[in-house]
Amino acid sequence: MQSTIELDNLTIRFGRQTVLKGLKGAFAGRAIGLLGPNGAGKTTLLHTLLGFHQPTAGTARVFGLDIQREIKQIRHLIGYMPENDSFISDMTGIRFVRLMAELSGLPPSLALERAHETLFYVGLGEARYRKLGTYSLGMKQMAKLAQAIVHGPKLLFLDEPTNGLDPPARQRMISLIKDIRSTGETALILSSHLLRDVEECCEEVMILKEGEIVVYCNLEEERKANRKFLELEIIGDSQPFVEMAEHLGCECAVNGPCRIKMVLPEQVSIRDLYCLAARREIQIRRLNYKRDSLQDIFLKAMEGNRGSLQA
Amino acid sequence: MTDDRIVLDNVSKFYGEVLGVNRVCLSIPPGITSLVGPNGAGKTTLLNLICGLLQPTKGSVRVLGLTVDDPDLMYRKLGYCSQFDAFPKGLTGLELIYGYLRVYGYGNREAQQMAWSALETVNLTDAANRKVQAYSKGMRQRVKLAQAISHRPQILILDEPLNGLDPMARAEVIGLFQKVASEGAHVLISSHILHEVDMISDRVVLINNGYVVAEGNIHGVRDEMDEHPMQIMVRCDRPAAVAAKAFEQDHAVEVKVHEDGQGLMIRTRNADQFYLMLNRIVLDCNLTVEAVSPADDDVYSVYQYLIGTDGGRL
Amino acid sequence: MAVYKHNYQAYSGPLTSSTLRFLILARYAYQRIFGSRIFLALFLVCFVPPLGGAVFIYLQHNAKALQILQIPIDELIPIDAAFFQTLLYIQSSLGFLLAVMVGPGLISPDLTNNALPLYLSRPLTRRDYVIGKISALLILLSAVTWIPLSALFFFQARMAGWAWLWEHLRLETAIFTGSWLWMLVISLLALALSAWVRWKPIAGALIFGVFIVGGGFGALVNAILFTHWGSLINIGELMDIAWRYLFRGEGPSGSLPVWAAFAGLLGFCGFCLLLLSKKLKAYEVVRS
């Protein structure tokens, strides 16, 4: 499968500061989450792949096209949703998206059709004849998404797409992103500080730290590896419950008055836990396999010196 | 009347014709309280009213028994971190916090120490001597937080404090809030990130269109909402057996089997009964349970029920 | 029967030509400005002097018409370099007003709300962007300067015979070069001010300002230092010298040498380009 992105010793230096330090690798993921502390180089990486910065050394390829020689072709294939506010306030929504579509190479009539379609798709159907300056924050974010997808790109760069959105708008944005991903025709790179967003939308995760890639892994595989860990939330007397579980051979860690983390040994099943609960009239209100693997991966990456690149 | 609460007594705030908040009655005890609601619902207005930055059109605001009439006393106890960035030009991080501390009346050396310790708490010591204008978004957020905690206030009022912070910094700042709250302080946070609100808050205040829609501990609020029976999700190998048993009791209202036939969603009027019943079903019918979780016992679901997409409409 | 689902679809159809894509920016600018009635009125007014000139030329060669109108032949103004230079002067002044109306709104809306990264994330370089924006002005100004004037020139040639054309070919070169020189100066100035100044009325006023202040200071410097080099910042005078040279081949009397005028104008254009390139960046790098 052709890699989405190939980094070939990519180095970016601004003055005396080296922001990206010789990034290497071929990444074939279809939905890559980009994580890292502030200043790690996430936005710089996206900007470099867009051609806003020339590499100080090394190069990179997007869908096999070199960013230094074939940047125009690359830009045909990319849609970019920047983090900051980005709009033209005295243009109507439809004009704005249509302009962006035409600048990406769509013929004018087709650009108009797709502009309408896209604005309906993101939920701005009713507001599309109003000027962008009158839009609320959530609407402006959706307009930014609309201009990023109107030309049907093969790769979408989303930089903090849920920034400033209230919960319903956030849900809408996430479900749109998942929908776009599920069509299978568009890959995406999502840069965000909210691990939840990345967990919901992405299959692979790349973590940058101080200009280097410290982790690249597949989330599903990580989750499978965590199946042994159980999390429980109970109502009732936790102390005897924990004691009995440990008696059976489980390792338990109590996390607050009702939250317990457990590792089950081979011979113990969940049914046995229910046995204990029934005996003591304890309600097991929540029971699931550990889900916050991304949090763990991230913390481990930040603490470790140089994590392993698990492609 | 205990003097350890923030009390809003029938407070309304209008900006000319435009509604800020209407007839708000709240009594907030120490601990972490989160303010949740759509954009434009009145969260910032409410926080500004508590801070004394706005005067209510009607009603009164008392913070730990004090009002804006004693600014000297009241503002010593308040720390405020606003949603928007606004810094005097040309100052470094350290100078900024030091300056505000001097305004509080602390002496030179004391102010320096306190400023430095605040910056240490938010992990901004390497950038302390750089101009705030050159800070990245996360750093600006941290300097705002540092400024809010620098004089060790009794009440922290924070408008979207985690905005722009990376996951590690988020965890650290959340830890800071929990530490401060455990020492008896009031921490008032306004946020859109509901799963974080769930994780850290003792109480939640939901606000929509200028009205307080619900307030209190989230499980308590959920329990009160009788018109929405509790939804519980169970992943197991024989959902039909669970459904049959559940309908034999009279607390089950609705059961929906998952598409893949490996689980079900049940709506019940009595969650306690259901869970105890589940214990017995697992043993009697030899059920293999993979996961159990309450589907709507969190802030997000309560938000959906009470506010819905009303405020969120584009 | 069918149920149609409208979902997101990728696009893999035909693309427009990449070289002419900059014209899209000009087209959108025109959609905006021609919506204003004041602008449209002014634009139409710009065609009145050339029309007048055409009538003039026609009358010159039409003895019958002259008789009817009872205008004696020797009172007619000859159609020569001075005629065209004066017309160019009038047209360029009107075009100046057009530029003041159109110029400030070209770039500042894109910069005010950070829309430039959206442009530049598309197959559009900064160069394409500037060329697209400036072509909006250049096409407009061409339509009121060298195009109508050249038409008049060829009209006169047709009336007076092709021998006249060869004798006066220098005039056509002067019209063309003079117009383009002026158009470039004005357009680059307008764009640079649009990029640096947020508020459109102030940007418009500054375009005037550059000329007035330049004139004032130039004269001041000349008076104080007893030199002519102060005129280098007086765009109006530099243009005057350039045109006089192009149309009549005369050097100026008691002012800057011709090469200095041209150099000054080109230097000014370069300066405006420099200002533009500083402001039009996709992303500002914040140095710590």
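**Contacts between and within chains**

Modeller: In this predicted model, C:D128 and A:K72 form a salt bridge, with the closest N and O atoms 3.0 Å apart.

Biologist: How many salt bridges does the rule find across the interface of chain A and chain C?

Modeller: The salt bridge of C:D128 with A:K72 joins these two chains. A:K72 is also, with A:R75 and A:L103, among the residues of chain A that lose the most area to chain C, together 17% of what that side buries. Across the interface of chain A and chain C, the number of salt bridges is 3.

Biologist: What area do chain B and chain A bury between them?

Modeller: The contact takes 41 residues from chain B and 42 residues from chain A. There are 2 salt bridges between these chains; B:K137 forms one with A:E83, the closest N and O atoms being 3.9 Å apart. Carbon and sulfur atoms carry 59% of the buried area, which is about 3600 Å².

Biologist: How are α11(C) and α14(C) oriented to each other?

Modeller: Helix α11 (residues 169-196) and helix α14 (residues 258-279) of chain C pack with their axes 9 Å apart, at an angle of about 30°. Angles under 35 degrees count as roughly parallel. The two helices, α11(C) and α14(C), are therefore roughly parallel to each other.

Biologist: Which handedness does the crossing of α11(C) and α14(C) have?

Modeller: The contact includes C:L188 of α11(C) and C:F268 of α14(C). Its residues divide into 17 nonpolar, no polar and 2 charged. The crossing of α11(C) and α14(C) is left-handed.

Definitions and conventions. Residues are numbered from 1 along each chain as its sequence is written. Chains are lettered from A and ligands numbered from 1 in the order in which they are written. This is a predicted model: local features need pLDDT of at least 70, side-chain atom pairs count only at pLDDT 80 or more; totals for chains, interfaces and linings use all residues. Side-chain values use heavy atoms; hydrogens and water are left out. Axes are lines fitted to C-alpha atoms, for helices over the stretch in contact, and angles run from 0 to 180 degrees between N-to-C directions. Helices (H or I, at least four residues) and strands (E, at least two) are DSSP runs, numbered from the N terminus. Angles under 35 degrees count as roughly parallel, over 145 as roughly antiparallel, 65 to 115 as roughly perpendicular and the rest as oblique. A crossing is left-handed if the near helix is turned anticlockwise from the far one by less than a right angle, and right-handed if clockwise. Contact means heavy atoms within 4.5 Å. Ala, Val, Leu, Ile, Met, Phe, Trp, Tyr, Cys and Pro count as nonpolar, Asp, Glu, Lys and Arg as charged, and the others, Gly among them, as polar. Buried area is the accessible area (1.4 Å probe) that two parts lose on being put together, summed over both. A salt bridge is a side-chain nitrogen of Lys or Arg within 4 Å of a carboxyl oxygen of Asp or Glu.
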